[in-house]
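Student: Hi, I'm new to this one and would like to go through it piece by piece. Could you show it to me before I start asking things?
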Amino acid sequence: MKVRFTLNGKERSWDCEPGESLRDALRRHGIVSVRDGCGGEGACGLCAVILDRRAVNSCMVLAAQAEGSEILTVEHFSRDRELSIVQRALVDASCVQCGYCTPAVVLALHSLLARSPEPSEAEVRDALSGTLCRCTGYEQFFEAARIASRRIRDPLYAEARPVDYRPELALVGKDREKVDAAYLARGERAYVEDRVEAGACHVALLGSPHAHAWVVSVDDEEARAMPGVVEILSSRNCPDKVYTTAGQGFPEPSPHDQRMFPRKVRHVGDRVAAVLAETPEQARAAAAAIKVEYELLRPVLSIAEAKAPNAPIVHSGEVSYVSGEPPAGSSTAGDGRDDPVVYQFPLHADPHRNLAASAAAGIGDVEAGFAAADLVIERAYKCNRVQCTPMEPHVAYAKVEAGRLVLHASTQVPWHVRRIVSRAIGIPENKVRVIKERVGGGFGAKQDIVVEDLVGYLAWKTGRPVFLRYDRAQEFIASRTRHAMEIRVKLGAKRDGKLTAILMRLEADTGPYGQHCLTVPMNAISKSLPLLLCDNARFEVSSYYTNLSPAGAYQGYGAPKGSFALQTALAELAGELGIDQLEMIERNRVGSGARIEILKSLGEGREGSAVTLGECGLGEMIRRGREAFGWEEPGAAGRRAKEEGDWRIGRGAVIIQQGSGLPGLDAANAELRLLADGTLLLLSGGADLGTGLDTVTAKMAAETLGLELQDVTVISGDTDLTPFDKGAYASSGTFFSGKAALLAAEDLKAKALAAAAAILGEPASGLALERGGIVAGKRGRITLAELGHRSSQGEGHGELSGFGSFKTEHAAFPYGAHFVEAAVNARSGEVVVRRYHAYQDCGTPINPSLARGQVHGAILKAIGHSLYEEMLYDQEGRCLNPSFLDYKIPSSLEVPEDFRVEFVPVADEVGPFGAKSVSEISVNGAAPAIAIAIHDAVGAWVREWPFTPERVLRAMGKLGGALPASRATSSRHSQ
Amino acid sequence: MRRTERYARPASLGEALALKAADPAAAWLAGGTFLLAGDARDKPESLIDLGAFLPRGLSAAGAALAIGAGTSFQELADSRAAPALLRRAALGMANRNVRNRATVGGNLGANRSCSSLIPSLLVLGAELELAEGGPPAAAGLESWLAGPRGLVLSLRIPAEAGRRSACGRWARTACDLSVLSAAVSYRLSAGAMRDLRIALGGLGPRARRFPELEALFEGRPLPSREDMEARIAPLLRPIDDLRGSAEFKRFRAAALAAELLRAAAGQEADA
């Protein structure tokens, strides 16, 4: 049918199907800025358009309903090269992170300002309530709205700039425009889905409806004969090898236990078959026609079930080791039917007991420590499974060009994708090129090779371009989740609060496959235990296979869970001893010059060593928090029980830490070329997943060479063009990739000075590189532009290029202190975080407002898993809430009223310009700080996240018993 | 997944009714936020879009207030003509983009237990103007919800002087559907609650009045919240589901109803 309307001021007449949504029609006509993050549920707002002057979700409007309407998309505001007042404000407020939701935010704010030019903060929150963003924590959106509103009246209005952290430097330590912000705010093509060409084929996945079952047969005969079908893959015809999907350095500390299509499905949504067809509809229709016979097995749905003596075995195939011997007493002989499990080296595993990995170590003598204590407590904490929910789900587009496989990927680890995909397919690595596009949110989920193996193989096998994009339900059940964990903490202390012994026993649920099965739980220990100084400390970690959704990396890795357990237990102990919880932290925490002995037993798979800390900013951070929260005011010790009607007000404070990449394991490289026009081309292996890493590396180059940011062009994450980088995980971006860029810049600078010396006829030692890119000698001067021109024309050694390679044994720990004020409704159990202050040491903040945005975003994600988020399963292992309708992530309306981030920089001796990592650490504080605040408010400890009203009421004794682990019934529409 | 194959946008009520008569399985389409939601969900095979003629906006109808079925939730929330109770209830639908599209009539048509609006309409004694083929007919909202028929053209909120009302909901986050929603309304006469109405959503297949709760307190002075909670809770029969256990919902709904009964006493009575 014909539909006529006005689109961005132009009359249009389109042929549409009766049931076609306006979103699909717009995308079909090339308006790619209209995106989809929730599968048409109307929950995410990324498909927003302004329809007859109101922002609406175009997924829920039929194209036909738009007849006679006026429609605006972000393209209306992106004419010529100018940015609209809102787009400019978003860029200036540094809140264009991954950019995937930015066009929707642009429309929401334009729509708001049109009806209310001077909006209140409540109006701004309301206007943004329809747009979900997982990166920013929304706080800087509020600032952008304020800036845009002021500029309606005063076009030159600018916010007061934050502290200049390095006054002696030109760019580092001050805010500059993020290098990709403007074009993302304009809604330009930048993501994998924007690269798909006409003629590309589409994949439909047939996922298992069962949590645990043998795939007895797959009958695809009828499906193969259906229109448009190009290829069908299943366990019968896929490559017969196992690999890990964890994008970690090789050899990976995760077992190779996953076949492209397993012989035995191990979770609901596990791969059974994939159809490649000319259209998505044809692929889906053929997938529905595949007949599968299953032999059902009892599923393993909890850690307790995995450990039980007669538990079903998730992996029953042969177990082997590439190096090292199987652990004594472990079982290795397979059942002759299941896929094998291959460990690169021993992880104290025994898969035939569902034990994917384990570890135990410590210092001192904990039993003696407990014996010497005046008080010993033991508490158990539980962290439920949560999902990262990047707004852009997993997606890949592959094609074969010039005999090579080209993979357009939304990934944090281009080089690991290249390696793992080539091995999965069975072709040499140099036949694979991975191009990392703009990533619409990663948060750890995109550290894993979730779809690239399949998409790559289908393209390689058929020669056709292949596109696959998960829908939101698949993203929930078949991408990666945060490991569920149960952590028992035993603490002993003297009456004065000084700890005598710490014992942490941690059990993790790694799900059906072993990606990150040891490293995530170990990280829970290694980023929590070293915060407390205690001579006797021990940990025991076990990671179990289950038949729930696959676990993996999620911002913070294991640390949020270890931090929740240990910091909350410390506060519980303080309460028992009658000591203020912050004072308890002060009496036991790490500080300047401290010797951290426990690091001896936390060596990331290698021999660890104790570290003597230099300066530590925790004291200053705690001082600032105490002051801001009036900690010393009367009634501060113990419960304050301030009351406002049914609401009780409590507060909590915690200290947190993370690392900055993996010392001794990680490596990053960068190349910096001086071009003939005097600008710089930076080839960085680093993978910017919306965090601003490309801006950080560009700053390294510009600062060092005396140029401006716009003089640097960054190419990153393309395995054909850029040198190796481990990828963006383990908080390594700024520290490793940034440092590699800095080393490349210093190398180029030395070469440029040498070349200039030859031209000027002066010794290089007497030359200086000044701002503006001018080499100044005693007798003459030459610009980098002149130098670039002459060297590229063959003078000297030819075009000038610097190379930087960074690897280190040095561990750079960022620290933080987080303070929370929460209101708890004593009648209903509801918890509202009113104030959240993060005092954070990231060393030198390279770009302070971008760094601040990382912290805001991390904290709001953590408030999400602390209060709202939880994947729920029924008794067959089916996820009950794989959509934003029933898996609730924070919106603009959940942002704390007083949400402050302050940096307390302690420059690192190795990090680039003194920088350390910033983003991941900030996920670690919310859960323990809120748990402590809830206790302060109502006197009850909630030891299981999320702290839903129901759990709070149970902890308060207002409801009986515990919440059941799995839900017997599900009915999304009934009640 | 079933897709929509036929779409019509009649220009008048008469044309719409004729289309429906010819294609009885066709579904009425208003804002579409319920019918069109979810890419993976079945859609009605045939849709009759009411957007071209369905009454929209609020107007006086004698002493009563008429609300066009095509009025969006945001329009209702923004309308100065609407009772404060309805404005507040309309804001209970998350989020702004959805409120801009969702209509009052569509919400009734969906008839979901999680409606934030229906409890408030029930306690205000809303009546419906229906088209069923003949001349427009009137129906009480309560009975219509129990057996929906015809096409809702508009709602009528009768003027009932002296009523005090309150509404509220419980949701997991601000941008959630209403896991529980509630509204109460009564007159205070010599310290006693008269003509008490209590409507709840989230405790059964659809939102409805709860005469068994009304009978507890009708004609009596307002008890303490604790007393009310203790008497209300045993009469509620929620189910366990992913949004909460039956035990929690019973506790929470009783607390919500008791809170609203107290809160209404503090409201200005309607003129």
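Student: Leaving aside its neighbours within four places in sequence, which residues is Val275(A) in contact with?

Tutor: Keep in mind that this is a predicted model. Beyond those sequence neighbours, Val275(A) is in contact with Val203(A), Ala204(A), Ala223(A), Val229(A) and Ile232(A), and also with Ala283(A), Ala286(A) and Ala287(A).

Student: And which residues touch the most other members of the largest nonpolar core?

Tutor: That core has 400 residues, and the ones that touch the most other members are Val275(A), Ile930(A), Ile934(A) and Ala257(B). As for where its residues come from, H19(A) gives the most to this core, with 14 residues.

Student: OK, staying with H19(A), how do its axis and that of H20(A) cross?

Tutor: The axes of helix H19 (residues 733-760) and helix H20 (residues 784-792), both of chain A, come within 11 Å and cross at roughly 80°, which means that H19(A) is roughly perpendicular to H20(A). On the H19(A) side the contact is made by Ala752(A), Ala755(A), Ala756(A) and Ile759(A), while H20(A) brings Leu784(A), Leu787(A), Arg790(A) and Ser791(A). Sorted by kind, the residues of this contact divide into 6 nonpolar, 1 polar and 1 charged.

Student: Switching to sheets, what is the strand order in the open sheet of 6 strands?

Tutor: In chain A the order is S16-S26-S25-S24-S17-S42, and the pairing is mixed. Strand S16 (355-363) and strand S42 (944-945) stand at the edges with a single partner strand each, so one side of each is left without a neighbour in the sheet. Inside that order, S17 (residues 375-383) and S24 (residues 484-493) of chain A pair in the antiparallel sense over 9 bridges, and Ile377(A) stands opposite Leu491(A) in S24(A).

Student: What about chain B, which strands are at the edges of its open sheet of 5 strands?

Tutor: The edge strands are S4 (58-61) and S7 (137-140) of chain B, each pairing on one side only, and the whole order is S4-S5-S8-S6-S7 with antiparallel pairing. From one strand to the next, the twist averages 30°.

Key: Residues are numbered from 1 along each chain as its sequence is written. Chains are lettered from A and ligands numbered from 1 in the order in which they are written. This is a predicted model: local features need pLDDT of at least 70, side-chain atom pairs count only at pLDDT 80 or more; totals for chains, interfaces and linings use all residues. Axes are lines fitted to C-alpha atoms, for helices over the stretch in contact, and angles run from 0 to 180 degrees between N-to-C directions. Helices (H or I, at least four residues) and strands (E, at least two) are DSSP runs, numbered from the N terminus. Angles under 35 degrees count as roughly parallel, over 145 as roughly antiparallel, 65 to 115 as roughly perpendicular and the rest as oblique. Two residues are in contact if their C-beta atoms, placed from the backbone, lie within 7 Å. Ala, Val, Leu, Ile, Met, Phe, Trp, Tyr, Cys and Pro count as nonpolar, Asp, Glu, Lys and Arg as charged, and the others, Gly among them, as polar. A nonpolar core is a set of buried Ala, Val, Leu, Ile, Met, Phe, Trp, Tyr and Cys residues joined through C-beta atoms within 7 Å. A residue is buried if 20 or more other C-beta atoms lie within 10 Å of its own, exposed if 12 or fewer, and partly exposed in between; C-beta atoms are placed from the backbone. Two strands pair if DSSP finds at least two bridges between them.
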